[in-house]
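Have the sequence and the 3D view open side by side as you read.

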Amino acid sequence: MRILKAVLIPLQGLNTFLLMVGLWLALLALAAMVAVVILQVWYRYVLGNALPWPDEAARFLMLWMTGLAAPWGLRHHGFVAIEMLSAALPSAGARALNLVFLALGLTVVSMSLSLGWAHVNSGWLFASSSLRLPLDLVGGSAVKVKLAWMYMSIWIGMVLMTLVLVELILREIVKLAGGEQSLTPLDASDLPEAE
């Protein structure tokens, strides 16, 4: 138990920091995405001259928002879950079932990491059709954005989800061993819950 806690405590601190930074970056991406969409609507319907880049920029920002916010949602139980079976089981059985589901999730995310990294590496071969870094505004030349930057958002989300799943698995093992009272609770979620 002592070894588990020696791993769990620093991992919990790391996840808290990374997920808070990720959540703020996801909120910034959401705000930028809304601004880009409003800009496109203005240009298309008011000025009658649609810009070529906002649609792809909005997708780019949406992927980064998802990749950075999903691990936070996983850690704070923000995903949809069917809890009928676990609610019908005794406490130890529900924890064991939860541990099985977390292990399955870790397996899927681990497979996604290797496949996602290959996808990111293929993205260096292709550039966005409309997104460019406007270095021409400062005397350089415009540089097309590589698609790997878009693909990397989901891969980074999978890395963060791996860290979260390892933390949640360790927490469940400690709880199964009877050490629940020694765990520091995760930060309370402000997410609304379905009933």
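Helices here are DSSP runs of at least four residues, numbered from the N terminus. By that count, Leu68 lies in helix H2. Please keep in mind that this is a predicted model.

**Confidence.** The protein has a mean pLDDT of 88, with 95% of its residues at 70 or more. Confidence is highest in H2, at a mean of 94, and lowest in helix H3 (residues 84-88), at 84.

**Along H2.** This helix runs over residues 54-75, 22 residues in total, and spans 32 Å from its first C-alpha to its last, close to the 32 Å expected at 1.5 Å a residue. Just after H2, His77 adopts a positive phi of about 55°.

**Two residues to look at.** Is each of these side chains buried or exposed? The table gives the values.

| Residue | Relative accessible area | State |
|---|---|---|
| Leu68 | 10% | buried |
| Glu172 | 7% | buried |

Both count as buried because their values fall under the 20% cut-off.

What surrounds Leu68? Beyond its close sequence neighbours (within four places), Leu68 contacts Gly22, Leu23, Leu25, Ala26, Ile156 and Leu160. Its C-alpha is 20 Å from that of Leu102, which sits 34 residues away along the chain.

Leu102 turns up again beside Glu172, a residue of helix H5 (residues 148-176). Leaving out residues up to four places away in sequence, Glu172 touches Arg95, Asn98, Leu99 and Leu102. With Asn98, the Glu172 side chain also makes a side-chain polar contact of 3.1 Å.

How values were computed
Residues numbered from 1 in each chain as written. Predicted model: local features only at pLDDT ≥ 70, side-chain atom pairs only at ≥ 80, totals over all residues. Heavy atoms only, no water. Helix = DSSP H or I, 4+ residues; strand = E, 2+ residues; numbered from the N terminus. Buried < 20%, exposed > 50% of the residue type's maximum accessible area, 1.4 Å probe, protein only. Polar contact = N/O pair within 3.5 Å; in protein donor to acceptor, adjacent residues only side chain to side chain. Contact = heavy atoms within 4.5 Å. Expected span 1.5 Å × (residues − 1). pLDDT = per-residue confidence, 0-100.
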